[in-house]
Amino acid sequence: MSSLDAIAGTARSGTLYGIGVGPGDIRYMTLRAAGLVRSVDVLAYFAKRGRAGNARTVVATLVDIGKRELKFEYPVTDEIRVADEGYRAAIASFYATTAQALRDELVQGSSVGLLAEGDPFFYGSFMHMWRRLDKEFPVEVVPGVTGMSGCWTRANAPITWGDDVLAVMPGTLEEQCLTDRLAQADAAVIMKVGRNLAKVRRAVAAAGLMDRAIYVERGTMSDERIVPLGSFADPVGPYFAMVIIPGNGRRL
Ligand SMILES: C[S@@+](CC[C@H](N)C(=O)[O-])C[C@H]1O[C@@H](n2cnc3c(N)ncnc32)[C@H](O)[C@@H]1O
């Protein structure tokens, strides 16, 4: 065993692992995350219907041929508003079924690694499994470099200076709510931009922050795109996109 493998450690039977895979570039994964991807009996991940799954794509080069895998395809993603009753019902039932599939593996003694983009405890679907299974089975959560950390690093934009207060918000909020929150923030990160891009752009402009706003698509990935938010007019962005607004605080 190499010293890196010894540091990373291996998986224990009957344990659920929430594995944060970081922002996209596999080199930003932790040693523990990489060790677990290789050592768990079952590798599980969420994916949009018909897609490979973002977190699974990140770890592709670490997965041995023949590895047992569980792919959980969301019944709906961003085609319905989260507030819609249809969305809530479909997702609740999906999460219940998914938790049961994981439970079935864990009771048989398998170690299961559920992949999470970025950090599992930061807007992660993993949290919905953690909530259902944490009292029943041993669970270890492996923190990851968040997507926003990867994005402001790649944009070469230090995010908070001095006493700056950072506000993180989802682009799914109502436009006025976004504007109000942004107007109060020294620095901001707007997640889940995708279909909300036009609304987010209007809110940033209304809050008077357009000159500092940077749009980052697929940050740290091979096809990343980093541009001033005000410099392009696309009405919709991909799922993996966010807007970062660096603070203006104390420079010494
Ligand atoms: C459900 S949240 C998951 C966040 C993740 N757990 C994390 O720690 O970053 C998904 C949102 O994260 C943001 N995101 C995560 N990684 C990103 C990346 N590499 N580039 C751009 N946006 C990213 C996007 O706004 C996306 O809609």
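Tutor: Begin with one term: a polar contact is a pair of N or O atoms within 3.5 Å. Keep in mind that this is a predicted model.

Student: Which atom of the ligand lies 2.8 Å from a backbone N or O atom of Y239?

Tutor: An oxygen atom of the ligand is at that distance from Y239. One nitrogen atom is 2.8 Å from a backbone N or O atom of E117, and a nitrogen atom is 2.9 Å from a polar backbone atom of G219.

Student: How much of the ligand does the protein bury?

Tutor: Taken alone, the ligand exposes 570 Å², and the protein buries 96% of that area.

Student: Which residues come nearest to the ligand?

Tutor: There are 19 residues around the ligand, and D119, F122, G147, Y239 and A241 come nearest. By class, this shell has 11 nonpolar, four polar and four charged residues. Helix α6 (147-154) and strand β10 each supply at least two of the shell's residues.

Student: What should I look for in a nonpolar core?

Tutor: Look for buried nonpolar residues joined through side-chain atoms within 4.5 Å. The largest core here has 22 residues; among those touching the most other members are L182, I190 and V204. Elements giving two or more residues to this core include β6 (166-170), β7 (187-191) and β10 (241-245). Helix α8 gives the most, with four residues.

Student: What does I190 touch?

Tutor: Leaving out residues up to four places away in sequence, I190 touches M169, P170, G171, L178, L182, V200, V204, M242 and V243. A second, separate core of 21 residues includes V42, I91, L133 and F137.

Note on methods: Residues are numbered from 1 along each chain as its sequence is written. This is a predicted model: local features need pLDDT of at least 70, side-chain atom pairs count only at pLDDT 80 or more; totals for chains, interfaces and linings use all residues. Side-chain values use heavy atoms; hydrogens and water are left out. Buried means under 20% relative accessible area, exposed over 50%, partly exposed in between (1.4 Å probe, protein chains only). Contact means heavy atoms within 4.5 Å. A residue is near a molecule or strand if one of its heavy atoms lies within 4 Å of it. A polar contact is a pair of N or O atoms within 3.5 Å; within protein, one must be able to donate a hydrogen and the other to accept it, and residues adjacent in sequence count only if both atoms are side-chain atoms. Accessible areas come from the Shrake-Rupley method with a 1.4 Å probe; for residues, only the protein chains shown count as cover. Ala, Val, Leu, Ile, Met, Phe, Trp, Tyr, Cys and Pro count as nonpolar, Asp, Glu, Lys and Arg as charged, and the others, Gly among them, as polar.
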